[in-house]
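This briefing covers the interfaces that one chain makes with its two neighbours. The sequence and structure come first.

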Amino acid sequence: MNPAYSVIFFTTASGAGYGLLAWLVALAVIGDAPAPGEIPWTWLAAHAVAFVLVSAGLLASTAHLGHPERAWRAFSQWRTSWLSREGVLAVLTFLPWLLHVAAGAGFGASGRGLTLVAGAAAAGGALATVWCTGMIYQSLPTIRAWHQPLVAPIYVLLSLATGGVLALAGLAWFGAATPWAAGLVIVLVALSGALKMRYWRQVDTAGRSYTAGAATGLGRYGAVRVLDPPHTQANFVMREMGFVVARKHARRLRRLAALLLFVAPLACLAALVGTMAVASPPVASGGPGMAPVAAASLALLATVCGVVVERWLFFAEAQHVVTLFYGADRA
Amino acid sequence: MQPTVDTNSPPADEVKTTTCYMCACRCGIRVHLKDGRVRYIDGNPDHPINRGVICGKGAAGIRQHYSPARLRAPLLRVGERGAGEFREISWDEALTLASQWLGDVRARDPRQLAFFTGRDQSQSLTGWWAMQYGTPNYAAHGGFCSVNMAAAGLYTFGGSFWEFGEPDWEHTKYFLLFGVAEDHSSNPIKIGLGKLKARGAKIVSINPVRTGYNAIADEWLGVRPGTDGLLVGALIHELLRTQQVDLEYLVRYTNAGWLVRRSPGAADDGLFARDAAEQVLCWDKRTGTAAPADGLEVAPALSGVFTLADAREAVPVFQLLAERYLADEYAPEAVAEQTGIAAATIRRIAAEVAEVAFRQTITLPIRWTDWAGRTHQSVTGRPVSMHAMRGISAHSNGFQTCRALHLLQILLGTIDVPGGFRYKAPYPRPAPPGNSPAGKLADLAPGKPLSGMPLGFPAGPEDLLVDAQGGAVRIDKAYSWDAPLAAHGMMHTVIGNAARGDPYPIDVLFMYMANMSWNSSMNTEGTQQQLTARRANGSYVIPKIIYSDAYSSEMVAYSDLVLPDTTYLERYDCISLLDRPISDPDAPADAIRHPIETPDRNVRPFQDVLLDLGARLRLPGFVDAQGAPQYPGGYADYLVNHERSPGIGPLAGFRGVDGAAWGTGAVNPGQLERYIANGSFSVHPLAPSQRWMKHANRDYLSFARSVGFVDTTEPIVFQLYSEVLQKFRLAARGHGAVQPPATHRARIERYFDPLPFWYAPFEGQQIDAARYPMYALTQRPMAMYHSWGSQNSWLRQIHGSNRLYLHRVRAAALGVAEGDWVSVSSHLGALRAQVTLMEGVNPDTVWTWNAIAKRPGAWGLDPQAGEATRSFLLNPLISDLLPQQQDGYRYSNSDPVTGQAAWYDLRVRIERLAS
Amino acid sequence: MTALPQAAPNQKKLGLVIDLDTCVGCQACATSCKEWNDGGAASGPLTDVDPYGKDPYGPWLNRVHSYDVGEGDTSRTVHFPRSCLHCETPACVTVCPTGASYKRAEDGIVLVNPETCIGCKLCSWACPYGAREYDTSGGVMKKCTLCVDRIYNTHLEPQDRQPACVKACPTGARHFGDLGDADSAVSKLVRERGGFDLLPAIGYQPVNKYLPPRARRDVTTAAPSPVAAHDRPAPQPDGTPIERLFSWADRLLSR
Ligand SMILES: Nc1nc2c(c(=O)[nH]1)N[C@H]1C(S)=C(S)[C@@H](COP(=O)(O)OP(=O)(O)OC[C@H]3O[C@@H](n4cnc5c(=O)[nH]c(N)nc54)[C@H](O)[C@@H]3O)O[C@H]1N2
Ligand SMILES: Nc1nc2c(c(=O)[nH]1)N[C@H]1C(S)=C(S)[C@@H](COP(=O)(O)OP(=O)(O)OC[C@H]3O[C@@H](n4cnc5c(=O)[nH]c(N)nc54)[C@H](O)[C@@H]3O)O[C@H]1N2
Ligand code: SF4
Ligand code: SF4
Ligand code: SF4
Ligand code: SF4
Ligand code: SF4
Ligand SMILES: [Mo]
């Protein structure tokens, strides 16, 4: 499949944004609500970041539409279409999210209960939206590499992992990173890493059961080879679905993705935990110590690059069955 | 709830019928117009040619009609020839200039004009124009197209394939397709193949390449190019060996029983034995004496050596034929190696053919009367049919191979019988047709018309157009000793000959509808140099070039004066019985085109322009007694009012004042309206009694004479043995008034064999075949028409560039893989091509789709277009001349009998390029 | 509305049957389709990108492939037209977020509503057969309409109320009809000729069927030629072939 940059940006950015949202809600749950009157700027800023990531992603996703002005129509078919469900949930999620932020932003009067309920709904909506995104791909029988049970779960885990690293980096910058938060993120990064490896193994071993012979029904006469294509220049189908990255290329990129998205962040986060063991000077005495900040920032940098490579590969490695009509012998 | 879709919107507000011209097949189309523009075009269900279907090109006609490559106005060259720099001029300026050029030449020496047209369908007009102008240097494209097929058939049985006749698709049970990719008879063949498939009739394809029609054949014989003569010979060998030929048919309808003199050295050796009354003799077994062969009661001997009254010997044609084909050289074993077809396969095919012909006969209860007045209650069919085209004819041995093919049909008794080959009016004609070519030296004089039409059928050396030394009279050397039976002329030699001044230089080259600087010429680069060659004094060797095209083709760039034509939807055209009609075996028919839209630019129908020029030049027939234009109304006027002979004009339908007459009749002023009202065509169904055995059918022949198809009701006797060819042979042996110069004698002696025989194509013989081991061919893509198709935004998406197709096993041996680039070199030149591998091709053969490559900037395409950057023509590799012979003379790369261009003799070598 | 319609008992299933034994790859169906639909009510225009340039392409609703199949004597060249198969359970419909992609309840034709399509292209991803092509100029998805604007069009002559590609096909390799009706001509054809589905394993249940190329009658055919028997020795054994021929001719003609 042709790795369209708008889609890569959308899935990675909104994924991280939704993940961050989930983390912020989680923090709000365990951390105690700000005292009435005082406004928690950092907390708001964090939500703002999440909000920007999510909405930028969603906007980007409409960029590749032929008729963005009709995008609203996409909310209508939630009964059958994961794309429609994604849209619906994405929009719905904004309501509890705003409520959560509003409530949390010091109208403490409204009480902690509402904040938490709204937060829980927002976080749930966020993860559900990401799940739908994953299901859009996972539900397509035409693309073997996507039609796998791990696709949607990995989308959700990566959203939490990338969002987590982001959240942690934020905390670290304000010296507020705690070992258990770091630990939790480490667990998620490791888990998504493990699943992704598993997924790669699965797609590599899953039999490429569709053949040109079955696509054309001519297999009964022997191997099917293209003599003349129907057109001498690539048509839409070939441009959109004909792209498959070369195997050895893919291998290298996979290693890179694994390194950037899993190994490097884990190392950095481990380092981060380590630095926290040696007590860092308190915020009062002029900013956090540099070590944790550096570790967290490095983790974030690697994660961002890693997830982009991972997403590019997700498309570029996916072979569509239609290629069988255009010269591929298996898919 | 489910969206609603408008399933009932009116597709058009007006429908007009006319004739397609996306190719020369002449199908009937319906043009659907909406808001005054063409909305879509589909096939006319009532039309005899295509019965409602349409092809890939025809349905894309709308894109041709609105093509950005269309010319806008007359053009006068301002830059160098070939640079394509012009200024637009008025029609008045253009026509004044043209008539000045043409007038000067006509007053000086009409031969200084060479007027050649391409695949136009107005040759009865253009030929008549040339005749009245007085130049013999006229022909259409037939010489480089398929004259071998036409001439071989016409000299053998007065017909041929395509517009001459077709298989009886309704009844045939066994169909052999030789060397056809697409054919002129495009849709009829497709419709026919569909019928055979539906009936389960067996289709055998004989073709080095298995695509298109050949891909759906029940059996594919991937013959080695140029060897079909051997294959057909071996089939004949088998039929004779197993005694499975139609003897009664041969005796009745052919010259099998005619006696051929056997008196070596004599002036009449090999001619038919005739009595005092010039009657051809046979040996009557009943009386044991020689008797006129056309006697009804005679029982001609088919074998034996007989001594005639003058004590000289003669043998029946059949004996000579049997001696030729039962010889070992035509035994299946003997030809298997060269043809690449196993002996067992050849024997099986022969057996299958015989089985169907003689044991699955069809008898239709149709009463008919033969030429002698004998009535027959039924007509018996031998349901084996064949069709062949350029794969056979575009070789230097094509004429004799085509003859062999027709012999095979005749031996099976399958001409104009149910399930066999069927003539289409105006054929059959006498073998050969009576008209000989005009243009003998004595006939040529300034300002004087020719005594007849420039093209015809020589019946012997005395009909040749040669000077006292035996040199050619025509610029293309047609009807000279180079190509005595060049019945369609030799357009492919004109530019080269004119540039070499051989036989003489010319002043004006006037061409119409032929892309001669590109895909219709051999040796493309050489041709372009010839078109731009200059004399010492700087003037062009070919001083003036006038050309009519409708689009900005490669040839336009090489012209001095361009006369822009309309498209086929903007003009009158006539698909005439005087030319190449649309007849069906059961019904003579002709058709017209008429303006569907009026041009939005300053273009004129070429026929109007030609009539205008004729009038400006005051050519007889083009002006009236007062010197005023005879046809002020242009081509439409001409179509209605012109009469070739009393009562016979371009259109056969709706003649007579009331429009009720067909074939002959007074001029009908309302004729064109009647055609248009009738779907732009007219058919005249034959009575059942006239539909079969037309060559010997009294009712048909008398009808044919009444409408001018033939001059007599004499039966047309099939010429298994061609006395005409023997006459040329005798001349080469030093007999007769007109004899070939020494240089040509051996060649004439060898190739004018009165019985078909096979010889290796010239290029393979005369170049180092070991150096160029592969054969290289082109095929017509079904969705492209020569060069016209690439300006079509739909068709060029299907064929926007071309590949070289190579057998997978051979490719492996050459170290070539799918998609590799290779160099393709011939004894003339070399080019690069990208390879596609396939199974369905003769391993010694490579091929490509024809005419895809375009000159950068031509046809209104981006110079970076794939046609200009990723495509190739084979033409630059095909030499227009054969290698020098000992005496230094170079013949054109053509058939020695007809002058047909030998496109498919090309030999090449393939080498992998390190990308 | 992208929920698939409930298939009624003896549901009408209009579709095409394409005979690969007869198709010569002439492209008439492809250009006739392009021509009809380019100006058509249901699906036009089909605007091309860079039509006279370096890289021309545009939406075609029907395309004709050529394949080289197998090796050696048993190999074949097969021409293969490909258009929407109007599947019975196609995900191209259910994945559509807007309801623009739908399958008609009354005849099973799968269509795109150009008024509501947002051009997200997801349906083209869901189609295994490459039958959906995006129209860049219109920003909407295009596909074979089964000529829904012809087959019911009362402004056309009855014999013209069939898909443009079917009417055009010179060899008669394309057949149109109701595959839901077991007695229809197309259903019979499918039964007699062993019509098959493309990629059945995907589970979309195509309505269109393909008829396989028939068995060859050539060297590869197991059965020896039925007529080889007639390649019999000449009646009169002695003499050279030519002598035998002549004596045969003699006898035959003097009967
Ligand atoms: N679509 C389309 N139709 C056309 C045309 C076009 O350009 N496009 N051109 C028109 C014109 S001008 C003409 S003349 C006709 C020509 O119609 P065709 O005769 O069909 O022309 P070609 O494409 O030259 O086909 C020649 C065939 O003969 C085969 N062949 C070559 N050498 C040999 C041989 O030695 N033996 C045998 N058995 N086969 C051989 C080639 O593989 C090829 O299949 O088509 C007309 N119709
Ligand atoms: N290698 C190779 N070369 C071949 C062949 C081959 O098989 N292989 N085939 C040969 C054969 S058989 C033939 S017939 C020739 C065909 O070759 P051409 O006769 O040159 O055929 P086209 O390329 O169609 O060129 C015809 C010209 O007529 C112009 N034209 C089209 N419509 C009109 C019109 O309505 N009015 C006017 N005035 N002009 C018009 C076109 O623009 C084009 O410039 O090619 C020959 N060349
Ligand atoms: S075969 Fe096609 S292009 Fe040729 S005349 Fe017929 S419809 Fe037109
Ligand atoms: S029109 Fe008919 S023969 Fe031609 S490609 Fe289409 S299906 Fe095949
Ligand atoms: S062929 Fe493709 S577009 Fe047509 S119905 Fe089936 S899945 Fe949908
Ligand atoms: S492209 Fe149009 S039809 Fe296809 S899924 Fe998107 S909205 Fe539906
Ligand atoms: S049915 Fe109509 S839309 Fe579908 S392929 Fe045929 S012509 Fe095209
Ligand atoms: Mo031709």
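Predicted model: local features only at pLDDT ≥ 70, side-chain atom pairs only at ≥ 80, totals over all residues.

**Chain C with chain B**
- The contact involves 84 residues of chain C and 90 residues of chain B.
- About 7100 Å² is buried between chain C and chain B, with 55% of it on carbon and sulfur atoms. On the chain C side, E35(C), Y52(C) and R217(C) lose the most area to chain B, together 12% of what that side buries.
- Seven salt bridges cross this interface, as do 35 residue pairs in polar contact.
- K285(B) and D250(C) form a salt bridge through their side chains, at 3.2 Å from N to O.
- Elements of chain C that give two or more residues to this side include α1 (28–38), β3 (76–83) and α7 (241–253); α7(C) gives the most, with ten residues.
- By class, this side of chain C has 34 nonpolar, 24 polar and 26 charged residues.

**Chain C with chain A**
- Here 60 residues of chain C are in contact with 55 residues of chain A.
- The two chains bury about 4700 Å² between them, 61% of it on carbon and sulfur atoms. Y67(C), I118(C) and W125(C) lose the most area on the chain C side, together 16% of what that side buries.
- The interface has three salt bridges and 30 residue pairs in polar contact.
- β2(C) supplies the largest share of the chain C side, seven residues.
- This side divides into 34 nonpolar, 15 polar and eleven charged residues.

- Strand β1 (residues 224–228) of chain A runs antiparallel to β2(C), joined by four bridges.
- Y67(C) is the bridge partner of V226(A).

Conventions:
Residues numbered from 1 in each chain as written. Chains lettered and ligands numbered in written order. Heavy atoms only, no water. Contact = heavy atoms within 4.5 Å. Buried area = accessible area lost by both parts, 1.4 Å probe. Salt bridge = Lys/Arg side-chain N within 4 Å of Asp/Glu carboxyl O. Polar contact = N/O pair within 3.5 Å; in protein donor to acceptor, adjacent residues only side chain to side chain. Nonpolar A, V, L, I, M, F, W, Y, C, P; charged D, E, K, R; others polar. Pairing = 2+ DSSP bridges.
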